[in-house]
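Please keep the sequence and the structure in view while reading.

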Amino acid sequence: MGIYPGRADAAVVVGCPCDVPRWRVWRNSTAFKTGTWSSLSPLSYVSGVDKSAPVIAVTGERDQNTLAEFARDYIDALRRNGVGRAEFMTAPGATHTKSIDSPTYHEAIKKVVSLLNASKGE
């Protein structure tokens, strides 16, 4: 959304490292891995996100791959940049791979759709 404004009206990101350089350092140290990734970092593109876009980040409570703090920091950066409908949600009991199966994920999808419909007068 931040790289190509206007291509998406909303987003739900799940298990997002969001600050990829910081996540790489943490992940390498906790998983005893080395190497690099060529992933883009959503945090680097906050300024391009439409201020009216709903953006919800969901992280599993038991996610050991992408800590909630990375997604929370991204949501905080969006809010500081004027994205008023940015929100963080924790998926209770969910791991990294199970977050997308959680009721919280489905709640986030429904919320984003509702916000989009409301903004279009539906």
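Strand β2 contains T59. The model is a predicted one. With a relative accessible area of 1%, T59 is buried, because buried means under 20%. Leaving out residues up to four places away in sequence, T59 touches T66, L67, A68, A71, F88, M89, T90, A91 and S99.

Not counting residues up to four places away in sequence, F88 touches A57, T59, A68, A71, R72, I75 and R79.

F88 also belongs to the largest nonpolar core, which has 17 residues. Within this core, V49, V55, Y74, I75, L78 and F88 touch the most other members. Two or more residues come from each of β2 (55–60), α2 (68–80) and β3 (86–91). The largest share, six residues, is given by α2.

M1 is found in the segment before β1 (11–14). Its contacts, not counting residues up to four places away in sequence, are A8, D9, A10, A11, G48, V49, A53 and V55. Along the chain, M1 and A53 are 52 residues apart, while their C-alpha atoms are separated by 9.1 Å.

The table sets out the two accessibility values.

| Residue | Relative accessible area | Class |
|---|---|---|
| T59 | 1% | buried |

Terms used: Residues numbered from 1 in each chain as written. Predicted model: local features only at pLDDT ≥ 70, side-chain atom pairs only at ≥ 80, totals over all residues. Heavy atoms only, no water. Core = buried A, V, L, I, M, F, W, Y, C linked by side-chain atoms within 4.5 Å. Buried < 20%, exposed > 50% of the residue type's maximum accessible area, 1.4 Å probe, protein only. Helix = DSSP H or I, 4+ residues; strand = E, 2+ residues; numbered from the N terminus. Contact = heavy atoms within 4.5 Å.
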